[in-house]
Amino acid sequence: MSKLWDQMLLVPTVVRLASRAPRNPDTAWEGYWRGIRTTGRSGDVLWDSDSAAEHAQYSNAIAAHFDPALPVVDVGCGNGTHTRWLAGLFPRVLGIDVSNGAIDMARKEAEGVHNADFMVLDAASAGAGEVLLERLGPANVFVRGVFHVLKPGKQAAMAANLRTAVGNRGRVLLAETNFRGTSLGYLTELGATRQSIPLQLRRALENLPRPGHFGAAERHRAFSDSDWQLIADGPMNIEVVPMNAGGLPQWVPGYYALLSGAENSGTDHNRV
């Protein structure tokens, strides 16, 4: 009962902060990234933990299923933390993001990483799959924490674009937050109280679209059986930046899925 009461006491503050967020998602993301001053584990970006423990959860699947001869696309790359990690594993990585500000920051932080490129691109926009295929040929795709902030229609559009991008040889590994409680429960789990809200959470509330959760049911709706084959999926943990006094690791329940294109999903995909 006390937890529920604590959550209810947060409502006025959350409503006030969320009311400031731009209604247009592209404007919201651009404003968010333009306001970021520091990144990394002690920085302003809630999800930028750069966690070796989290990367270890993906490593076996990537090593076993990503064709090492193919480039990798890091979708929703933000400031490029995971792009740089992937560049240590593959000969060519392209980070894409809807925000010019994010891409500007990613390029600065990847200075000297010669096999990492960046491009402003909305992976859910019409024709994005063809843009990637034209630039890279068939590719592997890594997605961390993008689908859960999209509406269902955008999720399906992005999945369709990724189907074009992977062709017959690429694979998709996605990792999404999948907190099954309420949004207030999510905030209190990460340290929000009626007295204070951590800076990283406050920035997200004031600037960004309201997130949801993304698990097996949401993945099945976005990635149709006619176009995709599920190789593996299950629970995992997404690490966020520490927002506690001791700087201890903080995790959010998550979901991962590894997918390939279905062999009979159409001639447009089978040509590559």
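Reader: In which helix is glycine 31 found?

Author: Glycine 31 is found in helix H2. Before we go on, keep in mind that this is a predicted model.

Reader: Why is glycine 31 called partly exposed?

Author: Its relative accessible area is 39%. Buried would mean under 20% and exposed over 50%, so with 39% glycine 31 is partly exposed. Here is one more thing to look for: the C-alpha atoms of glycine 31 and alanine 102 are separated by 9.9 Å, while along the chain they are 71 residues apart.

Reader: Which residues of H2 and H9 meet?

Author: On the H2 side there are Ala28, Gly31 and Tyr32, and on the H9 side Arg203, Ala204 and Asn207. The residues of this contact divide into 3 nonpolar, 2 polar and 1 charged.

Reader: How do you describe two packed helices?

Author: By the angle between their axes and the distance between the axes. For H2 and helix H9 (residues 199-207), the axes come within 9 Å and cross at roughly 150 degrees. The crossing in which H2 passes H9 is right-handed.

Reader: What makes glutamine 200 count as buried?

Author: Glutamine 200, which has its place in helix H9, has 10% relative accessibility. The cut-off for buried is under 20%, so glutamine 200 counts as buried.

Reader: What does the side chain of glutamine 200 reach?

Author: It reaches the backbone oxygen of glycine 43, at 2.9 Å. Not counting residues up to four places away in sequence, glutamine 200 touches Gly43, Asp44, Val45, Leu46, Val241, Pro242 and Met243.

Reader: How do you know whether threonine 81 is buried or exposed?

Author: Threonine 81 lies in helix H4 (residues 81-87), and its relative accessible area is 7%. That value is under 20%, so threonine 81 is buried.

Reader: What makes the pair of threonine 81 and aspartate 48 a polar contact?

Author: The two side chains make this contact at 2.5 Å, and the cut-off for such a pair of N or O atoms is within 3.5 Å. Leaving aside neighbours within four places in sequence, threonine 81 is in contact with Asp48 and Asp50.

Reader: Where is aspartate 50, and why does it count as partly exposed?

Author: Aspartate 50 has its place in the loop between H2 and helix H3 (52-65). At 43% relative accessibility, it falls between the 20% and 50% cut-offs, so it counts as partly exposed.

Reader: What is the phi of aspartate 50?

Author: Aspartate 50 has a positive phi of about 50 degrees, although it is not a glycine. For comparison, most residues other than glycine have a negative phi.

Reader: Which residues of helix H5 are buried, and what covers them?

Author: In H5 (residues 100-109), the buried residues are Gly101, Ala102, Ile103, Met105 and Ala106. What covers them includes helix H2 (25-34), strand S2 (93-97) and strand S3 (116-120).

Reader: Which residue caps the N-terminal end of H5?

Author: Serine 99 does, with a side-chain oxygen 3.1 Å from the backbone nitrogen of glycine 101.

Reader: Which residues touch the most other members of the largest nonpolar core?

Author: This core has 30 residues, and those touching the most other members are Val75, Ile96, Val143, Met158, Leu162 and Leu174. Its largest share, 5 residues, comes from H7.

Note on methods: Residues numbered from 1 in each chain as written. Predicted model: local features only at pLDDT ≥ 70, side-chain atom pairs only at ≥ 80, totals over all residues. Heavy atoms only, no water. Buried < 20%, exposed > 50% of the residue type's maximum accessible area, 1.4 Å probe, protein only. Helix = DSSP H or I, 4+ residues; strand = E, 2+ residues; numbered from the N terminus. Contact = heavy atoms within 4.5 Å. Polar contact = N/O pair within 3.5 Å; in protein donor to acceptor, adjacent residues only side chain to side chain. Core = buried A, V, L, I, M, F, W, Y, C linked by side-chain atoms within 4.5 Å. Axes fitted to C-alpha atoms, helices over the stretch in contact; angles between N-to-C directions. Left-handed = near helix turned anticlockwise from the far one by under 90°. Nonpolar A, V, L, I, M, F, W, Y, C, P; charged D, E, K, R; others polar.
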